[in-house]
Structure formats: structure tokens, C-alpha cells
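Colleague: Please take a close look at a single helix for me. Then tell me what surrounds that part.

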Amino acid sequence: MRCDNCKERDAVINLTQVEHDTKVTLHLCEQCAQEKGIETGTAVLKSPLGTFLSAMGKGTALPVPADALRCASCGATLRDFRDSGRLGCAQCYQSFEDHLRDLLRRLHGSSQHVGERYVLPGANGEADSTSRLLDLRDKLRRAVESENFELAAELRDRIRVLE
Amino acid sequence: MIDLSLLPDGGVGWLDASGPNPQIVLSTRIRLARNLVGHPFGTRATDADRGAVLARITDAAAASARLRRTVTFHLDELDRADRQLLHECHLVSKELAALDRDPARPRPGTAVLIDSPAGVMVNEEDHLRLQTMLSGFALEDAYAELESIDSELGRLLPFAFHSEFGYLTSCPTNAGTGLRASVLIHLPGLVLTKEIGKVLQGLTQVGLTFRGLYGEGSEVVGNFFQLSNQTTLGKAEGELLDHLGRIVRQVIEYEEQARDVLLKTAAGTVEDKVWRAYGLLRYARSLTFDETMNLLSGVRLGVGLNLITGLSVYTLNKLLIHTQPAHLATMEGRQVGDPELPATRASYVRRLLGDEVT
């Protein structure tokens, strides 16, 4: 039987999915199955995330060792993520983008968010004054903590104007 | 000891059994995971980082219309019994309350802002876990409630969002919508007819998952199951909720069918079972929590089948919450580990059931 996806190679996997209460069976070749994020080896999808993550990238040579790939923002390495299953900061999603895209596809069946779109406050150039004020207060707290009093004084003045 | 009466409805308004299908579905809970740009996530955050996140969120809540009147509990300032009390109300997770590791204390900066039926857990695994819990089977209402808080906070705080991956979360299993909806459902019919295995297996095949009474990592007691969506990315919020809703409706139907089968094929046995459960609750002098849950499950089934009349679902819900260790200890002025607690529990249950005419 030919693969339902590429119509070229022989189908070796029967994938049965239930979507909207209807059973859909797909016959796929190994390559197409992998592209769709279906585990074709012996690894079981239900294994804990840790084991699952360590199996990530199996079969494909990693361009760089997991220790060397580091998030510039929080300093977490790809290995840290694989060990803990948790990312260090929002920037990690950019730092480990390719690896995460692959993982997200395996976990969710897709890496493309189709839900609510979010726009950062002020992204349209018209930040609401409350959100600007909250942002300045946060910066002020950080400036005081890092003892950058010159910046803190400037921020305090800007806050006063807004208030 | 904290005073939950500070909260508009004691934090557990969902107990009132006012929602749809309250006899089978106890409650509907939805949470949205959100993080702030420019602050490290939970695992890499220092005490100062968490403090900054909490200050920012507190400021935003104060500036918001929706969360201005929240009551805030700082978990690191509460003793274990108080944290357990909040957890038993499903207001904080085991992790946030540090109940999963003994004798550790919650880390500084962990807090919960409560404006029932909504709340925000701060500095759990994600910076914000917005949540709401309603009585019965009420996915749409619960989401509408949450969405308004989310959009308001999103205008005041910079949420971490990626055009492809959606809302960014500490664990990739929550990325995308960050939405986890769960329905707490009572399935004694399916358990007694031994059909439950098939149903639970079916759930995993359609992208849902099940957990025990207290969510992730908790055991199933008293035939209460939490059914929720497994994936959070690749489908819109509405789709995720529709899908869960459709399957839950199906499970409710299966449960009703199983109850019919029980009544048709084993009416005598079932009747004996539910009245025995009632009898034990009504007259026992010592009850453990697990035993109480299992007996309450039997009585709840009896009420559902109209074998026991005159007992309200609200009373059953109240018993479910108030017989938990921290609630009972607080109400009766005892310690959680008090060896007299089973006797106190039995006496409380007798009192509450005695007030109702059967």
C-alpha cells in the first residue's frame, strides 16, 4: 500500500485518529510519519517528559552539543531544559527554536498557535498610560535594587509626570 | 489562621450546585498560563526575580477594574495548615503551597490573588496562572470570566508571546493557548459496571486526559475524575473547549446509561450499597478522609438515582470540602495531625446529615 501523504513510498504505519468524533485512518511511510511527529521507534509517547526529552533529536545528528547551546538571556542550556523539562525564560523559545518546534509538534501535533493573538501593550505605538506607568514602576524597582540611583531618579521624575 | 470568610463566598462558590448538571459534574475549572517578558521563569528565578514579578502583578491588579478588590495571600507567610486549607479549596496548587515537599516552605514571592470565582496564582511554574472555578458543567461561562481578566491584565502587563508558538510557558506542554480546562465529574456508575477503563482509555485517544480530585499527580478517590484537555497548541481556545465539552457530554451520557443498567440488573444490590454508605456516614463514630469520600460517592449515587431523597447536592458538596483535614481542623479548632480528627469528622458528618430530612 502507498503512503497516503507522499503517494510514493510504501506505507508502514497505520495511524488512527479520532477527530470530531469521526475515526480517520491514515497509512503513512516512515518518513511522512516522522514529519507528522509520530514516534515510529520503540519509544512510547506516554513516557514521562524527561525520558521523552532525552529521546528528542534521536536519529538526527545535533549540530551542536546540548551543553553549548545556551540562551543569551537567562543562561539556561539546552541540556538544562532536557534535564528539568522547564525553560528558563521567554527568550529560550528563540534560543532553542528549532529543537522546540520539533518538540511542540510531537507534544501537540502542531507548533503553530491559532488561538488568541496577543499584542504587547504599546506595540501599536499608543501604550495606555496605566501600562506605561506600571512598566516605569517596574524599571524603578530594578534600578533601585541594582543601586543605579541616577536612572532611578530619572524614572521617578517620569513617573511623577505620568501620575 | 487565615480567614476565608474574607473571600466573597469563602472562595468556594462553586459548591452551591447552582450550575448545569451539578449532580454528576461538580465543577468546571479553567486556567490560563501567562508569563512576563524580561523576567526569568520559575526554575531560574531568584527570590529577587520572584519579588519583582509579584510586585508587578500586584500593581497591575490594583490598577485593573476586574481584580482591584482581590484578597492576596502570600504563601511563604502562611503556616502549613493554612496553605493546605487553600489547596483543599482548589485555590492553589500543591506545588505553589509547597505541600508536595515536606517540610519545605513556599519560596518568597509566591502568592495567590483571589476574587472568587477567579484567582491568580503568582510565581507558580509560570508567573501567572489565571484561574476560575464554577459550579457544574459550565465551560463557556468559566472561559468568559477568565477571558475578561486575561485581556485586561494583558493590556497592563507585557505577556510573553511568540507569533508561532503563542503564549510562552515554562513547560512546553502548556505553550500556545496556555489553556487547561477541567471538569470534575462523578462516575460511580461507570466504575461499578467496570466500564470506566474503556472510557478513560477512549479519552486519551481523543486528546484528553484524566486526573484525581486535586488535579495533576493526585489519586482518584470517591469516583471523582478531573477530565481535561491534553494539548494546548494548534487549536484555538474555542475549539479546545468545544472538544472537551462534547466529550464530557458523552461521558455524562455513558454514566447515565451505566446507572440505568445498574438499576435494571442489580437494583437490590445498588440500593443496599447506597443505604449502607448512608448508614455508615449517619452513624459511624470515626471516619478517615478516604473512607468518607468513598461513602459520599455512594450516597451521591443514591441521590442521583432517587433512592435517597431529601438530601441536597449542596450538602453533599459541603461535606466533600469540609471533611478534608485542614477544613475540618480549622472548623473544629484542632490540628491537622490530631489523632481525634476521624472522630471529629464522623461527628461533623452526623450533624450535617442529621439536619436534613430523609
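Modeller: Helix α6 of chain A covers residues 129-145, 17 residues in total. Helices here are DSSP runs of H or I with at least four residues, strands are runs of E with at least two, and both are numbered from the N terminus. From first C-alpha to last, α6(A) reaches 24 Å, close to the 24 Å expected at 1.5 Å a residue. That expected span is 1.5 Å times one less than the number of residues.

This is a predicted model: local features need pLDDT of at least 70, side-chain atom pairs count only at pLDDT 80 or more, and totals for chains, interfaces and linings use all residues. Residues are numbered from 1 along each chain as its sequence is written, while chains are lettered from A and ligands numbered from 1 in the order in which they are written.

Now look at the buried residues of α6(A): A:Leu134, A:Asp135, A:Arg137 and A:Asp138. Buried means that 20 or more other C-beta atoms, placed from the backbone, lie within 10 Å of the residue's own. Seen down the axis, these residues fall within an arc of 155°, so they line one face of the helix. The arc is taken from the directions from the helix axis to the C-beta atoms.

What do they pack against? Their partners are α7 (149-162) of chain A, together with α1 and α3 of chain B. Just after α6(A), A:Glu147 takes a positive phi of about 60°.

Step back to the two chains. 45 residues of chain B are in contact with 37 residues of chain A; contact means C-beta atoms, placed from the backbone, within 7 Å. α1(B) gives the most to chain B's side, with seven residues.

How values were computed: Two residues are in contact if their C-beta atoms, placed from the backbone, lie within 7 Å. A residue is buried if 20 or more other C-beta atoms lie within 10 Å of its own, exposed if 12 or fewer, and partly exposed in between; C-beta atoms are placed from the backbone.
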